[in-house]
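Here are some notes for a colleague who is opening this structure for the first time. They take up the aromatic pairs and then the nonpolar core.

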Amino acid sequence: MKGILPFQCRTMGYLLLLLAVFVPALLYMFGTIDVTNFIFVRFGMKITIWIALFIIFFSKTKDENEKTKNYRILSTKWALFIWMVYYIVILVKGLLENNLHTTDNSSAIIFMVINVFCFEFLLQKGRIERSYKRK
């Protein structure tokens with residue numbers, strides 16, 4: 001799975017992610033978010049976070065090679081496994097509390113967050129391994 005976006009989009013994705021998280025908090029502090037527009041702000045936040053994570057994951061790295069392609073595939077596998085464990089735990093917890101409404105409806109965002117974490121971890125691990133092999 002190769003990166004489909006230019007590597008400059010990684011920085012843009014991280015900036016978009018920061019904006020999606022902190023702008024609604026600032027809007028709330030200044031009183032522009034209330035009961036009437038909360039659902040729209042929440043939807044906007046979720047869609048922006050999803051797009052930002054998608055941009056980060058599918059952007060090329062500066063040193064894009066075959067290993068990076070393998071890291072994307074491996075991180076998707078790990079993220080899918082971790083997300084499955086997370087979702088089962090949330091379902092069992094909701095069942096034990098007799099409240100299945102607590103099962104998170106943002107599971108796709110959580111999957112992409114785990115996916116990006118796994119990808120970044122594998123990228124850093126690969127860079128560290130390459131730097132020690134050179135010495």
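**Notes on aromatic pairs and the core**

1. In this predicted model, Trp-83 and Tyr-87 both belong to helix 3, where they are 4 residues apart, or about one turn of the helix.

2. Because Trp-83 lies in helix 3 and Phe-111 in helix 4, the pair ties together parts that are 28 residues apart in sequence. Phe-111, at 18% relative accessibility, counts as buried.

3. Across the whole structure, a search finds 6 aromatic pairs. One of them joins Trp-83 and Tyr-87, whose rings are stacked at 6.0 Å centre to centre, with 25° between the planes. Elsewhere, one aromatic cluster is formed by Phe-54, Phe-57, Phe-58 and Phe-119.

4. The largest nonpolar core has 18 residues, and within it Leu-53 and Phe-57 touch the most other members. Helix 2 (38-58), helix 3 (66-96) and helix 4 (107-134) are the elements that each give two or more residues to this core, and the largest share, 10 residues, comes from helix 4.

5. Which residues does Leu-53 touch, not counting those up to four places away in sequence? They are Leu-17, Ile-109, Met-112, Val-113 and Val-116.

Definitions and conventions. Residues numbered from 1 in each chain as written. Predicted model: local features only at pLDDT ≥ 70, side-chain atom pairs only at ≥ 80, totals over all residues. Heavy atoms only, no water. Core = buried A, V, L, I, M, F, W, Y, C linked by side-chain atoms within 4.5 Å. Buried < 20%, exposed > 50% of the residue type's maximum accessible area, 1.4 Å probe, protein only. Contact = heavy atoms within 4.5 Å. Phe/Tyr/Trp six-rings, centres within 6.5 Å; stacked < 30°, edge-to-face > 60°.
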